Amino acid sequence: GKIKAAGGSATVKVTPNFSDCDWTTVSNDSFIIITGGASGTGKGTVSYTVASNTNTVALSGSIAIGGETFTVEQAAAPCVFSLGETEASFGSTGGSSNVTVTANGANCTWKAVVSGSFIQITSDTSGIGSGTVAYTVEANAKTATRKGTITVGRQKLTITQSVAP
């Protein structure tokens, strides 16, 4: 049976080859809770519940029903990212800085995408798990304030640069 990361309940039908066959049900994994049909004779239904999976790795487990194995797979929680800051300001001379990327799982992959030709990433533009994105902002010779962004996993760092006085 397939269960979403949010968890939920499901059932599995038991159909032995003889109507007088006795069977028992045992969860082989702690994340699978048997809620009905712990035992029976002949045809029946086993109910089970799976709690929410907050891990970014899918879970796989099983239920033993009368000597047969029923596999339960639970989807992984989605990867979610946060940035150490959402805004950064630079003077007209530019400069260098970095922003921390925090992931909710060590297996979560991310890519940093720049919008604004005056911003350059000076570290790796991608990573797995938590990390840091280093960047530089070029000097602003224009007559207007400019804005750009670095986006990581739907999270944005907005960079504002002022003009020379």
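Mentor: Buried means under 20% relative accessible area, exposed over 50%, and partly exposed in between (1.4 Å probe, protein chains only). This is a predicted model, in which local features need pLDDT of at least 70, side-chain atom pairs count only at pLDDT 80 or more, and totals for chains, interfaces and linings use all residues. Residues are numbered from 1 along each chain as its sequence is written, and side-chain values use heavy atoms, with hydrogens and water left out.

Trainee: Is Cys79 buried, exposed or partly exposed?

Mentor: Cys79 is partly exposed, with a relative accessible area of 37%. Cys108, in turn, is buried at 0%.

Trainee: Which residue does a disulfide join to Cys79?

Mentor: Cys79 is joined to Cys108, with an S to S distance of 2.1 Å. A disulfide here is a pair of cysteine sulfur atoms within 2.5 Å. The link is left-handed, with -85° about the S-S bond.

Trainee: Which parts does the pair tie together?

Mentor: Cys79 lies in the loop between β8 and β9 and Cys108 in the loop between β11 and β12, so the pair ties together parts that are 29 residues apart in sequence. Strands are DSSP runs (E, at least two residues), numbered from the N terminus.

Trainee: How many disulfides are there in the whole structure?

Mentor: A search of the whole structure finds one. As for Cys21, that residue is partly exposed, at 23% relative accessible area.

Trainee: Turning to the core, which residues have the most contacts inside the largest one?

Mentor: They are Tyr135, Ile150, Leu157 and Ile159, in a nonpolar core of 20 residues. Such a core is a set of buried Ala, Val, Leu, Ile, Met, Phe, Trp, Tyr and Cys residues joined through side-chain atoms within 4.5 Å. Among the elements that give two or more residues to this core are β11 (95–103), β15 (131–137) and β17 (155–161). A second, separate core of 12 residues includes Val14, Phe31, Val50 and Val72.

Trainee: What is Leu157 in contact with?

Mentor: Leaving aside neighbours within four places in sequence, the contacts of Leu157 (heavy atoms within 4.5 Å) include Leu83, Val99, Tyr135 and Ile150.

Trainee: And Ala38, where is its place?

Mentor: Ala38 sits in the loop between β4 (32–36) and β5 (39–41). Ala38 is partly exposed, with a relative accessible area of 45%. Not counting residues up to four places away in sequence, Ala38 touches Thr24 and Thr25. The C-alpha atoms of Ala38 and Thr125 are separated by 52 Å.

Definitions and conventions: Helices (H or I, at least four residues) and strands (E, at least two) are DSSP runs, numbered from the N terminus.
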